[in-house]
Amino acid sequence: MAFVRLATAIVALAVGAALPCSEAMALEKKAVLIFAGNQDMPNVDPAVTPMSVYTASALIALYDPLFMYRGDQMLPHLATSATASADGSEWTIKLVPNARFQDGSPVTAEAVKYTFERILRIKKGPAWMWLPIMDEKSITVIDPHTLRVKLTRPFALFDRTLPNLLVVNPAVVKANDKGDDGQAWLVAHSAGSGPFKINEENWRNGAQYEFIADPSYWKGWPKSGRLDGYIWKIVRESSAQKLALIKGEVHGAQNISPDDVDELRKSTGVRVEQYPGVSPHRIVMHNRHDSKYLADINVRKALAYAYDYSAVPKIYNGSAEVSKGPVPPALPGFAPNLPLYSYDLDKAKAFLAKSPWPNGGFEIDYVYPAGFDIAKNLGAILLAGAAKLNIKIKLTPMVWANVLSMRTKSETMPQSISLWLAPLYGDSDALLYSQWDSDSWGRGNYSFYKNPKVDELLTRARTSLDPKVRADLQAQAQRLIVEDCVDIFTGVEKATYVWRSNVKGYVHTPMRERNPLFAEMWVE
Amino acid sequence: MHVLRYAARRLLFVVPTVFGVTVIVFLLARAVPGDPAQLAAGEQATPEMVEVFRREYRLDQPLYIQYASYISGMVRGDFGRSMFTGRPVRDDLASFLPATLELTAASIVLALVIGVPSGVLSAVYRNRWPDQCARTVALTGVSFPVFWLAMMLQLVLAVSWDLLPIGGRFPSQYKGPRSVTGFYTLDFLVAGDWEGAWVALRHLVLPALCLGAGAIASITRITRTSVVDVLGRDFVRTARAMGFSETVVMGKYVLKNAFIGTLTMIGVALTFMLGGSVLVESVFDWPGIGLYAFKSIVQLDFQPISAFTVLVGVMVALVNLGIDLLYGIFDPRIRH
Amino acid sequence: MAAPGLRVMDVTERPGEPSAIGRAVRRFSASSLSLVGLAVVAVIVLTALLGPLLAPYPEDAEGAIHADERLRPPSLEHLFGTDELGRDVFSRVVIGARISLGVGVIVLVIGVTLGTLLGAVAGFLGGRVNEGIMRVTDIVITIPELILALAITAVLGRSLAHTMLAIGLVRWPIYCRLVQAQVLSLKQETYVEAAVAVGSRPERVLFRHILPNCVSPIIVRASLDMGLAILAAAALGFLGLGAQEPMPEWGALVSNSRKTFPAAWWSATFPGLAIFVTVFAFNLLGDGLRDVLDPRGRD
């Protein structure tokens, strides 16, 4: 009967689906490393997509920066040196003589000039670093391997921004320019000098991105071995990443949740690496909100003392450390021995008693980015502690676009928000200036904090070429920020990498926390 | 011809409906508080940089101009550019839509393959244990929260018993198929690659099962009801009396007439799946438009939001139109 | 076996209202599945009403956290284990019952009220008004439910109240169409025409004669819809819209557990199970009611 035939077919299908699949369909025996990432790379134009937390790997695979972070240091790459004039307003950049683009043409000072100017023209992505200090007339080419940059204002940290300058090939960009400076084309094509090329047949948005190694890369490859290519595979969930690692379907992953790390530590064939992080989390407190509640330093101190800091590493399952101040210890310029706050309900109540609301009885909005459970949980710690002061914390998830539009004015900024910040160049100034200088009101200074002494210290630090002087000024600024109890400094998550045991060559680079340099890795 | 005129008339109804959908979506998207230009420009962006985005996406223009350019673009097939990916929305949709369509198609196929025979079984053995069993199972099918079912199936079948893959469309070690239809299973078959098609199919099983659970249930129920209804009708008894074999009776008369009800269910199920795919896609890492739509809504990326909703609206409207037409073919009494 | 449609009369019965209900109750009780549904729904309603009294650690649903007791598996102290902040999952599930049930009820109230009103108006007035309202329902039905609810909560902000409003706004077309169809067909009934001929005011005709006959299909539809409303709310909760912390809405509980799934399977399994059992029970109940009130859909 027709029905019986149909039933048999269904059963056969079900049985067939349950049979284990033979892995004999791997393409060719090539050293291709598969990395599980949870962020897409929809656009690899270095003038549009900044070297932010999630895209740096792709960008340094396709392009070369002037300087490259490796380990704790900033090393010369396309540039050999960047020297400043005495006042820090004029810089001379010298390039290596043998760098070549992937099409064979040499990387010249002209190309670097073109790259800078293209970024300033397009005004997207990384432009914020240079727009305030450069204009179209800033750059002059001295010779094919030297250029001079005349800043519109002195900035002692200019060289620290140069690892973000990825040089594009002017000829290629111009050839594909449709009146948009080549933006449409560079979304999924490379015009760089980097060690990898895009494999257009396997560049699938939302699924995976394949990079093929260029054997003729001008800088050469490590003698110990190199990859033939790598695939950045989108695996969004940590548990899926963990399973893929255990089964050997991927060689590495960087978004493993702290709870999954435990299981991976116990698995064979897998290696867990953890390093101190550089992206601190903090609870921003609006220091001026309505001139009420958080505007009073006693209320802020009360909340800072009511926060159970020891819970932070616990909810991160050991993968985070309590903050030791506004700046993470791994960043140059970190000041040790600051007068930090601790979980002390007596002190909290004492400070609250000094405020106009000694018995609490009010509500504070805690805004966190929607979808980030950790941010919510860090707020839950505050909620539990504040409840003991009779202060109600309202956990409010918000689309981040809302927060960004609200932070432009003191009147619209919420009372408190959950914030992570990654330093975009390797100095405490990257955090200090953008978060606590009054110049940054309406932008990164979410707290609307203004302390003229801090402003003065930071300005002097930004123009001091001597790192020791700079660090001392920055330390004083950090001390003031802590004493003013501007925000609650919660914790710094560790950078966690999990690799299969046969993956070699990874050198942890704090400034590229979540983005390996695949050019120096290989698989045994 | 009758059917063509009927089709043309129904098609005319689709246009104002879709138009209405675009207006509603457009207004909703603009009404959401927040400044997407700021988010797209980046945390550290200077006001100058935010302006660049605002101008590029015409956010500084009055609403009616934005709507006009949006509609005119859509008619030309240009859905604008996503503020976050920087890519034309059309390209984003082209890469994500086939994945969802494949998933939806697989779910419908699964629903029919499991649901129709179950419904027939139920009807034939009415009120005996196969019927009670099937009805209860069908009821559980519509009672599961889809996301939870997905996680449970993942837990049991993929993690504990390791029978099926945990997610994705196909494993990385394998190069994907040359894109012909966008459906990996079909593309592999077209290329003659049986093994690849098999792998793609295995990745399809769990997500399709989750997405189709509700449809399986409702198709079982409606098939049962329709078949029971038809079995009681005169012409079936006549056919039996005339000596036609059971197979012929079932195949020629009963199923054909029962199919109408099933058609309606398919339409309903499709609408649900296109919307509910976001839940299944996020659990199984399936790169489809459901996930894309959800992320766009979270990031206030207007162009994809509008494009996606219009697209789905058009698809739903066309599906309903198709079903109405099939009704007309199957049952001449309905044509008017 | 009696042919469908024929009712067997008991000789001791008197014709009239009371025995119709009696018959209905008896028919309902004959189906064991429907009784199971009723029993489970009763248990859940009771749980919802008693909530904090039944929970061993009610403070865990109000903001208390115990970072030292994270992710403990089910045990005697914690029947469903603890979640990623050390909170007792059993307490949170029990207290979450009132949220899910409440959402279902309010969503239905919004949907039924709005839908009945518009449907009655459309059916009764007919003509252009009818066309207009039906077009609007077409448009709303064309947009996938989840996406529309997502968009509405995005505009209004994430909160439980907005979720309920969003889902209600998505469901009203169903009732609108139902009532409109009923009203249209009932308009032609002789008793209605008689009432009009006698000179009754239109509203009176509508409320006294037509709408009461719509009640039973609405009840059937609503009881089936309760399950769908709860599922929709859970889906939105899963996506992070809807009830916010520390309110223990079931869908949100599943979503919170995703990061620790499948290692700490209990924090996702039990809330999801609660959703499933509740919806299943309402569906059984709804099916039973449907069999009783609308026998045509049955056997």
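Modeller: Helices (H or I, at least four residues) and strands (E, at least two) are taken as DSSP runs and numbered from the N terminus. This is a predicted model, in which local features need pLDDT of at least 70 and side-chain atom pairs count only at pLDDT 80 or more, whereas totals for chains, interfaces and linings use all residues. Residues are numbered from 1 along each chain as its sequence is written, with chains lettered from A and ligands numbered from 1 in the order in which they are written.

After helix 10 of chain B comes B:Gly243, which has a positive phi near 95°.

Chain C contains ten helices and zero strands, so from the N terminus its order of elements, by these definitions, reads α-α-α-α-α-α-α-α-α-α. Along the principal axes, the C-alpha atoms of chain C fill a box of roughly 75 × 55 × 30 Å. Of the 299 residues in chain C, 53% are buried. Contacts are counted between residues whose C-beta atoms, placed from the backbone, lie within 7 Å.

The contact between the two chains draws 35 residues from chain C and 36 residues from chain B. On the side of chain C that touches chain B, two or more residues each come from helix 4 (127-142), helix 5 (145-156), helix 8 (202-238), helix 9 (250-256) and helix 10 (266-293) of chain C. Helix 10 of chain C supplies the largest share of that side, nine residues. By class, the side of chain C that touches chain B comprises 25 nonpolar, five polar and five charged residues. Here Ala, Val, Leu, Ile, Met, Phe, Trp, Tyr, Cys and Pro count as nonpolar, Asp, Glu, Lys and Arg as charged, and the others, Gly among them, as polar.

Conventions. A residue is buried if 20 or more other C-beta atoms lie within 10 Å of its own, exposed if 12 or fewer, and partly exposed in between; C-beta atoms are placed from the backbone.
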